[in-house]
Every structure is written in structure tokens, then in C-alpha cells.
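Please keep the sequence and the structure in view while reading.

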Amino acid sequence: MPISDNLNPHSDAHLNGPLFQNAVTSLREAGKLINCDPNIMERLQRPRRCITVSIPVRMDDQSVKVFTGYRVQYNATLGPYKGGIRYHQNVDLPEVVGLAALMTFKNSVLGLPLGGAKGGVCVDPTRLSRAEKQALTRRYTSEISQFVGPTKDIPAPDVGTDPQTMAWFMDTYSQEQGGFAQPGVVTGKPVEIGGSLGRNHATGLGVVYVCERAMEMLGMKMAGARIVIQGFGNVGSFAAKFASDRGARIIAVSDVHGGYFNGDGLDVAELNEYVKIHKSLKDYPKAQKITNDQLLELECEALLPCALEGQIDVHNAEKIKCKIIVEGANGPVTMAATKILDKRGIFIAPDVIANGGGVIVSYFEWVQDIMSFFWDEADIDNKLKGVILKAFDTVYKFKQEKQVDMRMAAMACSIQRLERAMLLRGLYPR
Ligand code: NAD
């Protein structure tokens, strides 16, 4: 479906990716719901700027390879652009446009003073040596450096990039600004060079804050609740820890090798210790082995999908037996499954809020860098709670008033905030 009449099917092909088309579809639906100004809708369906760069890198064998990189700056009405940088062999411009649009809607619904962007390089990072990855990062930074900066656009890690990548990005940008440290140009940095305490566990902790609030709304309690978690990486393992700290019973977890079930509750500290030693949950002895499909269909109070997109779709939506789903991963429940689950009375806390902990603490990192004054971890966890629950409560109130599902309510609240700000700022020159 074309997003606008005045699109050129060739030169505007970057607007035809499935991710972006999906975002536009739900944007339009939410736009109708809030009666959004048609001029604002027209503007919100296009990115502001798409930057494509060629990145020549001298490889370890002395040959020069040229990679393609992108930075899409979608919307900066609410503040500087913000969004991660992905290194993956499937990265292309349509995907980055879709991800940049989603960052715009996410930052808006979370109430952050930030716009939305995303970057990426089409490369398999697992095939690069450390030196090659550093060279690629520094040249990519240099190619886009005039467009980024602490008041312009603040990247962060995503798939295939990590705190070390951000350190190289920050150093390159700083060298180009005369050599003075500019920590505010990226977030997700190591703590030693301006990173924030609490960033590592922020997404998992945010998932648990949201789960706890959803339970409260439904008259349930975290203490004693049975919780099932798909994915035991950064998000899933910290969600397990924080939920278990609050007295929940984690009855099943899984990773890429499959699931592990124990109706009496798993010992999360022991699971973490096991993963530290064995690098995965494979053959974890104190549980019954189940498949990932079986795990999703377990009877429980809350299901936290924290691994991949598209895990709950029309094929298994009727078989899900939890009361609440908190989307730790991005897009783990499809749009069609959302409708089925909503009809069945299963409450879904959508990804834009539920996994917002990461970008919220990234925002705190940027604020701390600008102030050159750093908060302690308890302070950060507490501030995270305030921001994420405020967003949740706003969206929940909208859902109750309009009788729509939480995903639609989140999108509507997001564009409502963007609409107000865009109307106030007006069109330049007019
Ligand atoms: P990660 O790589 O640390 O962990 C992913 C986990 O999922 C691993 O345990 C992996 O084994 C497991 N997994 C992979 N394939 C699986 C499968 N088929 N079935 C079950 N488990 C499988 O990644 P992460 O940082 O924890 O991110 C997880 C999800 O959360 C992603 O969708 C990511 O985009 C999203 N997310 C992460 C953050 C963050 O701050 N880390 C923030 C927002 C959203």
C-alpha cells in the first residue's frame, strides 16, 4: 500500500519495507482514533533525512573493502534524534527507516525530550577482527559526524554493537572536535568514559516495573505469581532476577537451545551462574526440558517474551494461557495475535513501553554527560521507575477511556504528543 500519492516507486523504494509499512498502518489507525490533523499525518509518514555513506576499511590482509552505512533521522520535533546503530549483514535502508520511525514513536510515548533515528552498517560483525571493527566504526563515525552530536543526534548500541563500539564512536567524534571529550554524543558507553550506572540491567528492570504495575491494575500481585520468560540474555535474565527478588516464582525460562520448566520455581541466581560457566542454559539439570513452543503455552500469571520478534502469532495465540504478556523483546506478538489475545482478555504491555528501560537510562546517561554530574545506581533505578510508570499509566488511562488495546493506545498517545508539539512549532518557513 503506497503511503502517499506523490511517491516515486523507484527513488522512494526505501519507504516500502515491511517494517515501515507496518508502522505506517498502525500510525494511520491511531491517527483516526485521535482525529489527528491530516497535515501532521502527512508529515509523520516520511523520515526527515536518510543518510547513506560508503565506508572504506583496510582489512587485516591489507585489502580495502567498502561497506554501506546508513543513518536515518526520522523526526526531531521533541528533541535531538536518538536511536541505536546496528551492524548486521541484512541491514538495508528500508529496514533502518522502519526502525527510525519506531524509535520516534517510542521516545514520544515514553515522554522523553528526544526525537527518533536509527543507524546501521550492512556487515557481518562476527567476521570482522577487533581491528577491522574499530576501523569500520571510526570511518562510519567520521562519515556521519557532521550530522550527529550531543544536541543533534545521539546514537547508542543495537544488534552487533556494544559499549566498546560506542567508545570508538565517542573517541572519533571527540578527536574531530579538537580532541576534547564529548561523551554526550553517544550513550551505552563504558562507565569509565561517561556511561551510566544501571544501564546494563535497565531494560530487564523496566520490564518488571511494567509487569508489576499491570498486575496491580488487574488486582494481582507479583509475590507468588508464576512467571515464564522466553530468552535468557540481557533482558530476560535481568527480568528473571528482578521478578524473583520481588517474590515471583519463575517457573520456566528458555534460550536458543530450548526451555527449562520447574513448577516449584527455578533458582535464578543458580541459572545465572550456570550460564556464566556454560555460556547457555543447555542441559541445565534442575528442570524439565521443554520446547520453546511448549514454554509459550504454559499456564502462568505473566509471560515475558524477551527473545525474538513474531513468537506469538495466529498459530499459537489461542493456546496462550497467561493473564499478562509483557513484551521485553521488540515485536514478539504480531498485530493479528494482539487482536485475538485482546478478545480473550489477555493483557499485553506493548514493547514501546515495556522494553523502554534501555532508552530511558540512555536518556539519563546523556543528561549526566551534559551536566558532568553522575547519579548513583539506586537513584537511576528510581528515576527509571518514575518515567516508565508515568508512560504506562498515561497509556492505560487512554486504553480505558477509548476501549482499545494497549498497543493501539500507546501509538495514539505517542502521536498525540508529537501532534501537539508539531502544531506548536509550526512549519518552517511556514
Ligand atoms: P541477547 O542477545 O542478550 O539475548 C537474547 C536471548 O534470546 C538469548 O538467551 C538467546 O539464546 C535467546 N534466543 C534466541 N533465539 C531464541 C529462540 N528461537 N527461542 C528462545 N530464545 C531464543 O538480547 P537482549 O539484549 O536480551 O534482547 C532481547 C530482545 O529485547 C531483542 O528483541 C531486543 O531487540 C530487545 N530489546 C533489548 C534491549 C536491551 O537493552 N538489551 C532494549 C530494548 C529491546
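What percentage of the 430 residues in the protein do buried residues make up? The answer is 56%.

## Overall architecture

The model is predicted. Its secondary structure consists of 14 helices and twelve strands. The C-alpha trace extends over about 60 × 55 × 45 Å along its principal axes.

The radius of gyration of the protein is 21 Å. A compact globule of 430 residues would have a value near 22 Å, so the protein agrees with that expectation.

## The ligand site

There are 19 residues around the ligand, and those that come nearest are Thr 203, Asn 234, Val 235, Val 256 and Asn 292. By class, this shell comprises seven nonpolar, ten polar and two charged residues.

For Phe 232, the distance from a polar backbone atom to a ligand oxygen is 3.0 Å. For Gly 233, a polar backbone atom is 3.2 Å from an oxygen atom of the ligand. For Val 235, the corresponding separation between a polar backbone atom and a ligand oxygen is 2.9 Å. Taken alone, the ligand exposes 830 Å², and the protein buries 68% of that area. Helix H7 (234-245) and strand S7 (249-255) are the elements that give two or more residues to the shell.

A disulfide is a covalent bond between the sulfur atoms of two cysteines. With a cut-off of 2.5 Å between cysteine sulfur atoms, the count in this model is zero disulfides.

Cys 322 is itself buried, because its relative accessible area is 5%, under the limit of 20%. For Cys 413, the closest cysteine sulfur is in Cys 36, at 13 Å, and this too is too far for a bond. Cys 413 has a relative accessible area of 11% and is therefore buried.

## Buried charged residues

Arg 407 is located in helix H14, which covers residues 406-425. Its relative accessibility is 16%, so Arg 407 counts as buried. The side chain of Arg 407 makes a polar contact of 3.0 Å with the side chain of Thr 338.

Is Glu 301 buried or exposed? With a relative accessible area of 15%, Glu 301 is buried. This residue occupies the loop between helix H9 (292-296) and strand S10 (302-305). Glu 301 and Ala 76 are 225 residues apart along the chain, and their C-alpha atoms are separated by 39 Å. Lys 133, in helix H4 (residues 130-144), counts as buried because its relative accessibility is 15%. Between the C-alpha atoms of Lys 133 and His 88, which are 45 residues apart along the chain, the separation is 12 Å.

## Backbone geometry

The peptide bond from Tyr 428 to Pro 429 is cis, and its omega is near 0°.

Positive phi values occur in residues other than glycine, including Asn 35, where phi is near 60°. Asn 35 lies in the loop between helix H1 (18-33) and helix H2 (38-44). With a relative accessible area of 68%, Asn 35 is exposed, since the limit for that class is over 50%. Lys 279 has a positive phi of about 70° and is likewise not a glycine. The loop that holds Lys 279 runs between helix H8 (268-278) and strand S9 (288-290). At 69% relative accessibility, Lys 279 counts as exposed.

Conventions: Residues are numbered from 1 along each chain as its sequence is written. This is a predicted model: local features need pLDDT of at least 70, side-chain atom pairs count only at pLDDT 80 or more; totals for chains, interfaces and linings use all residues. Side-chain values use heavy atoms; hydrogens and water are left out. A residue is near a molecule or strand if one of its heavy atoms lies within 4 Å of it. A polar contact is a pair of N or O atoms within 3.5 Å; within protein, one must be able to donate a hydrogen and the other to accept it, and residues adjacent in sequence count only if both atoms are side-chain atoms. Accessible areas come from the Shrake-Rupley method with a 1.4 Å probe; for residues, only the protein chains shown count as cover. Helices (H or I, at least four residues) and strands (E, at least two) are DSSP runs, numbered from the N terminus. Ala, Val, Leu, Ile, Met, Phe, Trp, Tyr, Cys and Pro count as nonpolar, Asp, Glu, Lys and Arg as charged, and the others, Gly among them, as polar. Buried means under 20% relative accessible area, exposed over 50%, partly exposed in between (1.4 Å probe, protein chains only). The radius of gyration is taken over C-alpha atoms; the globule rule is 2.2 Å times the number of residues to the power 0.38.
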